[in-house]
Amino acid sequence: MRTRTGNFPIGFRRGNTKWQRDTASLVEWTVQNDLEVIDLTSDPVGALKTVVEAGLRIGSIDLPDNKGMISADPGRRADALARNSACIRACSAAGPQNYFAVMLPDNPDLPRAENYGYMVESFSALAPVFEESGSHYVIEGWPGPGALCCTPETYRAFFRDVPSLSMSVNYDPSHLIRMGIDPLRFLTEFIDRVHHVHGKDTELLDDNMYIYGHEQPATFAERIAFGAHSWRYTIPGQGLFRWGEGLRILAENGYSGAVSIELEDANFNGAEETEKQGILHGARFLAGC
């Protein structure tokens, strides 16, 4: 299954629910449903061989210790650097890979500028390990607690201070939409750094925005799963992103990666049957874009 615009292979990011933890059965389901890509989130060294031998593509690989790279403790940073370097070298024996990250600090209560300094130091040291195999570190801009590299401000600064071309973008429009950042303008600015794409979208809930705003939590209403009170993540096709235009920008600028559904949608997450439906609904939508 591939996108109509750009002919990009479509797959999904492996979740942590029971049916997705069995690598062999997960790979079998993926092949049966004409999906081409799996993003590995756990046991990447063990799962990689099974995925590749099935003729599937690996979209990205989660490293074992991202938070430790942004720690105030030099020993913790050194340990994370060693563990992540070993994982990269083991997985890259199968060829260049994308390694997924959210720049979450070990202690989000520290000043952001301080955590930023630890991040620059650690990833300056890790960059040569990626360069050995021609691999990339694809950074997703999820604005979690204390997260860095979520907005143009911090992506620009990081790529300036760690200039290695191995440092890259995992393009996920859903986070940009919830933050009020134009996702197509962002894509155009950082297109040369984009090496992986997440198929996820965001719906803005206008009535709830009026009732609750977005600066503080609601007092009485329950938070929406995979969202807040005025927005929620969705599968592609059920949010605001203009997928056809985004895929066109990728295609016209030589993107050669995949689009992986990241299933975080309250309408589908929870049960095996509905999670499979959500992945396939999103994939079929992208195939028509």
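User: In which loop is phenylalanine 226 found?
Analyst: This is a predicted model, in which local features need pLDDT of at least 70 and side-chain atom pairs count only at pLDDT 80 or more, while totals for chains, interfaces and linings use all residues. Residues are numbered from 1 along each chain as its sequence is written, and side-chain values use heavy atoms, with hydrogens and water left out. Helices (H or I, at least four residues) and strands (E, at least two) are DSSP runs, numbered from the N terminus. In these terms, phenylalanine 226 is found in the loop between α9 (206-212) and β9 (231-234).

User: Is phenylalanine 226 buried, exposed or partly exposed?
Analyst: Buried means under 20% relative accessible area, exposed over 50%, and partly exposed in between, with a 1.4 Å probe and protein chains only. The relative accessible area of phenylalanine 226 is 36%. Phenylalanine 226 therefore counts as partly exposed.

User: What is the phi of cysteine 149?
Analyst: Most residues other than glycine have a negative phi. Phenylalanine 226 has a positive phi of about 55°. Cysteine 149, in the loop between β5 and α6, is buried at 0% relative accessibility. Its phi too is positive, near 55°.

User: Which residues is tryptophan 142 in contact with, leaving aside its neighbours within four places in sequence?
Analyst: Tryptophan 142 lies in the loop between β5 (136-140) and α6 (152-161). With a relative accessible area of 31%, tryptophan 142 is partly exposed. Taking contact as heavy atoms within 4.5 Å, and leaving aside neighbours within four places in sequence, its partners are Val102, Leu104, Ala147, Cys150, His175, Arg178 and Tyr233.

User: Which strands make up the closed barrel?
Analyst: Two strands pair if DSSP finds at least two bridges between them. For example, three bridges join β5 to β6, which run parallel, and the partner of isoleucine 139 in β6 is valine 169. The barrel has eight strands with parallel pairing, in the order β1-β2-β3-β4-β5-β6-β7-β10.

User: What angle does the direction of helix α3 make with that of β3?
Analyst: Axes are lines fitted to C-alpha atoms, for helices over the stretch in contact, and angles run from 0 to 180 degrees between N-to-C directions. Helix α3 (residues 44-53) packs on the sheet and touches β2 (37-40) and β3 (57-62). With β3, the direction of α3 makes about 175°.

User: How many residues of strand β7 are buried?
Analyst: Strand β6 (residues 167-171) pairs with β7 in the parallel sense over three bridges, and valine 194 of β7 is the bridge partner of valine 169. β7 also pairs in the parallel sense, over three bridges, with strand β10 (residues 259-261), where serine 260 is the partner of histidine 198. Strand β7 (residues 194-199) is mostly covered, and of its six residues the number buried is five.

User: Which residues does serine 122 touch, not counting residues up to four places away in sequence?
Analyst: Serine 122 has its place in helix α5. At 6% relative accessibility, serine 122 counts as buried. Beyond four places in sequence, serine 122 touches Met69, Arg77 and Leu81.

User: How are α8 and α10 oriented to each other?
Analyst: The axes of helix α8 (residues 183-190) and helix α10 (residues 243-252) come within 10 Å and cross at roughly 5°. Leu184, Leu187 and Thr188 in α8 meet Glu245, Gly246, Ile249 and Leu250 in α10. Angles under 35 degrees count as roughly parallel, over 145 as roughly antiparallel, 65 to 115 as roughly perpendicular and the rest as oblique. The orientation of α8 and α10 is therefore roughly parallel.
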